[in-house]
Amino acid sequence: DHRDLHSFPTRRSSDLGPFDKSSWDLLGRLTALTRLELNECQLRQVPRALAGLQGLASLNLRGNKELGRGGVSGLDLLGRLTALNLSRCGLSLPPC
């Protein structure tokens, strides 16, 4: 039945509990991942595992209120990143 194709539950990062170390290690092995949302995950810094995601083009970190300027170091390693959402992250960046 074609309706079954639409019955899979979707998960948001806000539905997930805190990630443990093994979860982040797994993330680093998803080399074909192109889009990632880590909304309201209580991140204080961007996980190092993201550096291995060479194909990542879109990253949404919205709502991680503890994520400060020092917490976003390492994003420069994501050379294919074309979309980045840092709204409501508590960042205070100097004006360009």
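This is a predicted model: local features need pLDDT of at least 70, side-chain atom pairs count only at pLDDT 80 or more; totals for chains, interfaces and linings use all residues.
At 42% relative accessibility, Arg88 counts as partly exposed.

Glu40 is another case to look at. Its phi is also positive, about 50 degrees, and again the residue is not a glycine. You'll find Glu40 in the loop between strand S1 (35-37) and S2. With a relative accessibility of 43%, Glu40 falls in the partly exposed class.

## The chain as a whole

Stepping back, the protein chain has one helix and three strands. Going along the sequence, the pattern reads α-β-β-β. The chain has 96 residues, and 25% of them are buried.

Now for contacts and surface. Take the contacts in the chain with a separation of 6 or more: 47% of them come from residues 24 or more positions apart. The accessible surface of the chain is about 7,000 Å², and carbon and sulfur atoms hold 52% of that.

## The sheet

The three strands form an open sheet in the order S1-S2-S3, with parallel pairing. S1 and S3 are at the edges with a single partner strand each, so one side of each has no neighbour in the sheet. On average, neighbouring strands here are turned by 0 degrees against each other, direction ignored.

Zooming in on one pair, S1 and S2 run in the parallel sense and are joined over three bridges. Which residue in S2 is the bridge partner of Leu36? That would be Leu59.

## The nonpolar core

Leu36 and Leu59 turn up again in the largest nonpolar core, which has 17 residues. The members that touch the most other members are Leu27, Leu36, Val46, Leu50, Leu56, Leu59 and Leu61. As a general background, nonpolar side chains in soluble globular proteins tend to be buried together.

Not counting residues up to four places away in sequence, Leu50 touches Leu27, Leu36, Leu56, Leu59 and Leu78.

Leu61 is another of the core members listed as touching the most others. It is placed in the loop between strand S2 (58-60) and strand S3 (83-85). Is Leu61 buried or exposed? Its relative accessibility is 0%, so Leu61 counts as buried.

What does Leu61 contact, leaving aside its neighbours within four places in sequence? The list runs Leu38, Leu43, Val46, Leu67, Asn85, Leu86 and Cys89. For a sense of spacing, the C-alpha atoms of Leu61 and Leu84 are separated by 7.6 Å, with the two residues 23 apart along the chain.

## Asn60, a polar residue in S2

Asn60 belongs to strand S2. Its relative accessibility comes out at 14%, and since buried means under 20%, Asn60 counts as buried.

Where does the side chain of Asn60 make a polar contact? The partner is the side chain of Asn39, at 3.5 Å. Setting aside residues up to four places away in sequence, Asn60 touches Leu36, Glu37, Leu38, Asn39 and Asn85.

Technical notes:
Residues are numbered from 1 along each chain as its sequence is written. Side-chain values use heavy atoms; hydrogens and water are left out. Helices (H or I, at least four residues) and strands (E, at least two) are DSSP runs, numbered from the N terminus. Buried means under 20% relative accessible area, exposed over 50%, partly exposed in between (1.4 Å probe, protein chains only). Contact means heavy atoms within 4.5 Å. A polar contact is a pair of N or O atoms within 3.5 Å; within protein, one must be able to donate a hydrogen and the other to accept it, and residues adjacent in sequence count only if both atoms are side-chain atoms. Accessible areas come from the Shrake-Rupley method with a 1.4 Å probe; for residues, only the protein chains shown count as cover. A nonpolar core is a set of buried Ala, Val, Leu, Ile, Met, Phe, Trp, Tyr and Cys residues joined through side-chain atoms within 4.5 Å. Two strands pair if DSSP finds at least two bridges between them. Axes are lines fitted to C-alpha atoms, for helices over the stretch in contact, and angles run from 0 to 180 degrees between N-to-C directions.
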